[in-house]
Amino acid sequence: TVGECVENTTIVQTLKIPPTAKKLSLLLATYQEKLKGQLKIQLVNQKTNVTIQEWDILNETIADNRYYTLELKDDFYCDDSEDMYAIRIEGDSACKAGSSPTIWKSLADTYPDGDLYIDGNKCEGDLCFEIYYTASVEIIWIYTVLVIILLILLIIVQYCFHKFGNSIEKI
């Protein structure tokens, strides 16, 4: 883990977000303690340094070793899939050692498109996170066309077996 998210500690994970992203999830832990305070989580565009969205999470609502899902605004859309974003996490003044959550991270760099920072210092590994997104309209059309082509081919093969089935057996 990255250690407890106490006040005056900033955890940042940079990442790329697909244009049709709907949700982000972070794997949080509580050490099975009764937590106090709240986490402030921001999604920031790295290129423009504009905060896209903010979430305030009451620490008492965090379940131990479970993903906490952050819903993106309905109008969220990133124009450029090459844009870098950052998930910035900070604990408020009530987040003290022994009563604050932590975030799971990998031991090695498992996400090559981003980096993990704690208080501005680059760290080994990446936060354990998930990104939920929908397929783009173009991909849906491609899959639809492929399914139609496969159905047509199946009908042709079935027709050929029905029409020429007897002559194939004689050969």
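## Salt bridges

Lys-122 is exposed, with a relative accessibility of 56%. In this predicted model, its side chain meets that of Asp-115 in a salt bridge, at an N to O distance of 3.5 Å. Asp-115 is partly exposed, at 24% relative accessible area. The whole structure contains 5 salt bridges.

Another of these pairs joins Glu-7 and Lys-96, whose closest N and O atoms are 2.4 Å apart. The two residues link distant parts of the chain, 89 residues apart: Glu-7 belongs to the segment before strand E1 (10-16), and Lys-96 to the loop between strand E6 (84-91) and strand E7 (102-103). Both are partly exposed, Glu-7 with a relative accessible area of 26% and Lys-96 with 41%.

A salt bridge also connects Lys-40 and Glu-54 (3.9 Å, N to O). Because Lys-40 lies in strand E3 (residues 38-45) and Glu-54 in strand E4 (residues 50-58), the pair ties together parts that are 14 residues apart in sequence.

## Overall architecture

The chain comprises 10 strands and 1 helix, in the sequence order β-β-β-β-β-β-β-β-β-β-α. Its radius of gyration is 24 Å, well over the 16 Å given by the globule rule for 171 residues, so the chain is more spread out than a compact globule. The C-alpha trace spans about 85 × 35 × 30 Å along its principal axes.

## Surface and burial

Of the 171 residues, 33% count as buried. The accessible surface is about 10800 Å², with 57% belonging to carbon and sulfur atoms. A nonpolar surface patch of about 1100 Å² includes Trp-141, Ile-142, Tyr-143 and Ile-156; Ile-142 is found in helix H1 (residues 137-170).

Note on methods. Residues numbered from 1 in each chain as written. Predicted model: local features only at pLDDT ≥ 70, side-chain atom pairs only at ≥ 80, totals over all residues. Heavy atoms only, no water. Patch = residues over 30% accessible without salt bridge, like charges linked within 9 Å, V, L, I, M, F, W, Y side chains within 5 Å. Areas by Shrake-Rupley, 256 points an atom, 1.4 Å probe, with all protein chains shown as cover. Salt bridge = Lys/Arg side-chain N within 4 Å of Asp/Glu carboxyl O. Helix = DSSP H or I, 4+ residues; strand = E, 2+ residues; numbered from the N terminus. Rg over C-alpha atoms; globule rule 2.2 N^0.38 Å. Buried < 20%, exposed > 50% of the residue type's maximum accessible area, 1.4 Å probe, protein only.
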